[in-house]
Amino acid sequence: MTEEEMLSKIQAAADKTAQNFAFKRTAKLDLIYSETRADGVIECYCLGSDMPLLVYRIFEIDAEGNVTEKSDVQNASEKTRHYNQDVRPGLKLIPPAVTESNEYEILVENKLETNNAVEVKLKSSIGRDITMVEIYRYFDYVSKVYFVSCVSVSFGGQYLFSVAPDNKHLRLIVGNNPELRARIDMITELLQARLLPSYQTIAAGAQLLSDKNVKAHVTLNGQNGEKINYDSTFCYDDPETQTRFAFFAKSGNEKEGIILVQDIFTQKLTMSNTWTEEQKAAVDKFKALMKENPEEFNKHTCSFFTDDLDFRYAAYKAGKLTPEAQPQAPAEPTEAK
């Protein structure tokens, strides 16, 4: 059987599989490598136009020409390791795709009508075009990682990326860093519980996080009833009271400001006359910390437009946060009165 015949059979089987997933979209497959086992079954290693280079899709073709995909992730990982360690070093010619890096350029994001999903088109380091659908976009300010999870729509493969500092590339997250893995596990659990907020797109999140000219605004009444505008500067997350304190500066006069409590789940802002005694005491503590130990203080500061993974996870585990109280996406910079 020629490579063209094998690929034709594999493509037909993969296209049929794609109909079992929500988007019912197919992807073009490339045959990277094949080898015949002692029992006559041909194992085929394939890479699709909706997947980055990480773990190959493995198909088996028996003597009668029947095609079966071995979708077990562990098996696919073992076969991929076999190719990289045992096969590839002995090859004189290898497909260009095999040499691409783990970084992919973001070409465009398209909002889809289905489930408010976002399609992302990427280009690999060797020029291969890849189209995936984003599941979520979440910035964890503790690890300083902007996580993006994408799915291959033709077979449901899920991949985790981080957004590069230039906000124009996605990097596959590989390896097993224990600290990062702990953050990822929390994110995954919240996502499964439908309690993980997401920026509208990677680009929208990047703008909120990096553009210092993008601010949240509030308008409050002054002592004489006049309207006073304030712009957000930063937030301080107090771990003891599980409270986020949002700092606002008076528009046009950054030396004057106020502190509001921001509910990260609803985005509601409240003034000091409604705070608990513990929250009031926390302000005195972190004001002292800001002067005496600014390095420690800064560990708990973040942008107004970020969520707090630890607060959210703690509230979820304590039963205080449920899917019925559906969380909102991080606030947009709109006027609040």
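## Buried side of helix α3

The buried residues of α3 are R183, I184, M186, I187 and L190, where buried means under 20% relative accessible area and exposed over 50%, with partly exposed in between (1.4 Å probe, protein chains only). Because these residues cover an arc of only 160° around the axis, they lie on the same side of α3, the arc being that of the directions from the helix axis to the C-beta atoms. An α-helix has 3.6 residues a turn, so residues three or four places apart point the same way.

The buried residues of α3 pack against β7 (129-140), β8 (145-152), β9 (157-163) and α7 (309-317), a contact meaning heavy atoms within 4.5 Å. On the face turned away from the buried side, α3 carries the exposed residues P178 and Q192.

## Basis of the model

This is a predicted model, in which local features need pLDDT of at least 70 and side-chain atom pairs count only at pLDDT 80 or more, while totals for chains, interfaces and linings use all residues. Residues are numbered from 1 along each chain as its sequence is written, and side-chain values use heavy atoms, with hydrogens and water left out.

## The chain as a whole

The chain has 7 helices and 17 strands, which are DSSP runs numbered from the N terminus (helices H or I, at least four residues; strands E, at least two). Its C-alpha trace spans about 85 × 40 × 35 Å along the principal axes, and 43% of the 337 residues count as buried. Among contacts between residues at least 6 apart in sequence, 52% join residues at least 24 apart.
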